[in-house]
Amino acid sequence: DEPDGQGTQAAPGFAEPFMEARNRITERRYSEALPFLDAAAPHARDPQQKLAVEQLRTAVYAGLNQQGGLILSLERQLATGALNLAMIEAHCQSLLGLRRQLGLLPPEPEPLTAPE
């Protein structure tokens, strides 16, 4: 086992596919990364490893411009419970924006202006 940098040893089935996915994302071969993330995910041992998988999945969906997948991935990041408050706030803002883009929420109201 190799340490994942978070203090928990990575399960044998986690580290190798996780690294392969990360390498493909770095090379912008996004769709090739998904099967490796699918292989690593069941072996994630703690919230930090689950978050790490989901963060890479988010990068894939962003790289492929797949907004539906991006929304689900951001929601799964929130569900890990491993994000700090600033990241939670940023993800919630991103989710609102994505949902508005897809027409799932009404557009943001125009700011009020003072009469002249």
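## Terms and model

Axes are lines fitted to C-alpha atoms, for helices over the stretch in contact, and the angles between N-to-C directions run from 0 to 180 degrees. Helices themselves are DSSP runs (H or I, at least four residues), numbered from the N terminus.

This is a predicted model, in which local features need pLDDT of at least 70 and side-chain atom pairs count only at pLDDT 80 or more, while totals for chains, interfaces and linings use all residues. Residues are numbered from 1 along each chain as its sequence is written, and side-chain values use heavy atoms, with hydrogens and water left out.

## Helices H1 and H2

The axes of helix H1 (residues 12-26) and helix H2 (residues 30-40) cross at roughly 165° and come within 8 Å. H1 and H2 are therefore roughly antiparallel to each other, a label given to angles over 145 degrees, whereas those under 35 count as roughly parallel, 65 to 115 as roughly perpendicular and the rest as oblique. The crossing of H1 past H2 is left-handed, which means that the near helix is turned anticlockwise from the far one by less than a right angle.

In this contact (heavy atoms within 4.5 Å), the residues of H1 include Phe14, Phe18 and Ile25, and those of H2 include Tyr30, Phe36 and Leu37. By class, the contact of H1 with H2 has eleven nonpolar, one polar and three charged residues, where Ala, Val, Leu, Ile, Met, Phe, Trp, Tyr, Cys and Pro count as nonpolar, Asp, Glu, Lys and Arg as charged, and the others, Gly among them, as polar.

The structure holds one aromatic pair (ring centres of Phe, Tyr or Trp, with its six-membered ring, within 6.5 Å; planes under 30 degrees apart are stacked, over 60 edge-to-face and the rest tilted). The rings of Phe14 and Phe18 have their centres 5.2 Å apart and their planes at 20°, so this pair is stacked. Both residues lie in helix H1, four residues apart, about one turn of the helix.

Phe14 and Phe18 are both buried (under 20% relative accessible area, with exposed over 50% and partly exposed in between, using a 1.4 Å probe and protein chains only).

## Helices H3 and H4

The axes of helix H3 (residues 47-63) and helix H4 (residues 67-80) come within 9 Å, crossing at roughly 165°, and H3 and H4 are therefore roughly antiparallel to each other. Among the residues that make the contact are Leu51 and Tyr61 of H3, together with Leu70 and Leu74 of H4. The residues of this contact divide into six nonpolar, six polar and four charged.

Notes:
Helix = DSSP H or I, 4+ residues; strand = E, 2+ residues; numbered from the N terminus.
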